[in-house]
There are 2 protein chains.
Amino acid sequence: MIITISREFGSGGRELGKRLAEILGIAYYDQEIIAGIAQRSGLAEEYVNSIIEKRPVTYYPITIGQTLTAAFTPQLDFSLKAYIEQSNIIKELASKSDCVIIGRGADYILREYNSFNIFVYADMDSRLQRCRQRAPENEQLSDARMKARIKAIDNDRGRYYQFFTNRKWGEKENYTLCINTSKTVIKDIAIPVSGLLKSMSHTLSGK
Amino acid sequence: MIITISREFGSGGRELGKRLAEILGIAYYDQEIIAGIAQRSGLAEEYVNSIIEKRPVTYYPITIGQTLTAAFTPQLDFSLKAYIEQSNIIKELASKSDCVIIGRGADYILREYNSFNIFVYADMDSRLQRCRQRAPENEQLSDARMKARIKAIDNDRGRYYQFFTNRKWGEKENYTLCINTSKTVIKDIAIPVSGLLKSMSHTLSGK
């Protein structure tokens, strides 16, 4: 079972993905990890191999992603070379074992892999609330500034997706399931979502 | 729990709604029933009252809807009067008991009712396949004609919805859950979907 998660910033999509990986006992790849691997692949091939050669059995801690993030700029990130490397890595990871992949247009990259593609979204109020809950103590952004930040991040995601896929980000036709998490506690829905995904792994023609 | 189901023709949305009502043990209102009630309300108010005064405990058989359908034309159906009557009836039904309501822009009509709004869609191939499966033996439409029919029905639904709501039909922001049933057996997903809906009935602020 290959699951890709695309999500609006603050919608809880990453948490949902992480929980799905835990529940299903499959690998978890976060966007920064994958982007980081792709970026570094030219520089330290051995490092990449050490990650992708292993058949992953548990999810990677989210902190690995965060330490990698600082190392590259959006300019680099957008380069075609990185995208191609990243695509190859995502395909290799998906070929190796069941997994959850967050972001990076994985739904498009894995379009031949029969993946479950989930889009997670929410209204602005609950996204603001989630961002506040996970913000560091010393971060005191106004609602207006927080909102602007959320929109900016989603614009980047949309542009990145459209640039590389020529599809519109978040269009439901490209997803198996679109979940509005506006009034939802992610922890509560993770098990039911995993159950729903399992029930969807039958095909019409197979019955 | 109020559940509205909007769906592309041939996506299996009606079957999903009917099964959800059965699983959850709540009322089931199909589009023709509601439209029929609205249409008739001027002529036979007692009939309408006899339906809406009762607190329904099980779903109505789908065949009731089909016998009513023939009685009215799209022209009548589109009239504002019918829409207003229908809106009132849908609100009364939703106030009376938990229920599943199929179609009729109920997601918009019940926007103050904290309803779960589901949009069911699928790719054209599986919609064609579903339509073939449920078509009468003597109906021999070509794929091209069947496809044209599916598109025409969805166009009508989209126009009806947009006319009365000023929203775009099928835009995920208006729904709690959008389910792509392209490779899915409806019978298999009904219980998991009902579980997911239950898990979503918590609010962020409530935790």
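How many salt bridges does the count come to over all chains? With a salt bridge taken as a side-chain nitrogen of Lys or Arg within 4 Å of a carboxyl oxygen of Asp or Glu, the count over all chains comes to 15. The structure is a predicted model, in which local features need pLDDT of at least 70 and side-chain atom pairs count only at pLDDT 80 or more, whereas totals for chains, interfaces and linings use all residues. Residues are numbered from 1 along each chain as its sequence is written, chains are lettered from A in the order in which they are written, and side-chain values use heavy atoms, with hydrogens and water left out.

One salt bridge joins R127(A) to D154(A), whose closest N and O atoms are 2.3 Å apart. This pair links distant parts of the chain, since R127(A) lies in helix α8 and D154(A) in helix α9 (residues 143-165) of chain A, 27 residues apart; helices (H or I, at least four residues) and strands (E, at least two) are DSSP runs numbered from the N terminus.

Between chain A and chain B, by contrast, the count is 0 salt bridges. The interface brings 33 residues of chain A into contact (heavy atoms within 4.5 Å) with 33 residues of chain B, and it buries about 2,800 Å², of which carbon and sulfur atoms give 59%; this area is the accessible area (1.4 Å probe) that two parts lose on being put together, summed over both. Across the interface, 13 residue pairs, both members at pLDDT 80 or more, are in polar contact, that is, a pair of N or O atoms lies within 3.5 Å, one able to donate a hydrogen and the other to accept it, and residues adjacent in sequence count only if both atoms are side-chain atoms. On the side of chain A that touches chain B, β4 (116-121), α8 (124-134), β5 (177-180) and α10 (186-199) each supply at least two residues, and the largest share, 7 residues, comes from α10(A).

The two chains also share an open sheet of 10 strands with mixed pairing, in the order β2(A)-β3(A)-β1(A)-β4(A)-β5(A)-β5(B)-β4(B)-β1(B)-β3(B)-β2(B), where strands pair if DSSP finds at least two bridges between them. The edge strands are β2 (27-29) of chain A and β2 (27-29) of chain B. β5(A) pairs with β5(B) in the antiparallel sense over 3 bridges, with L177(B) as the bridge partner of I179(A). Within chain A, β1 (residues 2-7) and β4(A) pair in the parallel sense over 5 bridges, and R7(A) stands opposite V120(A).
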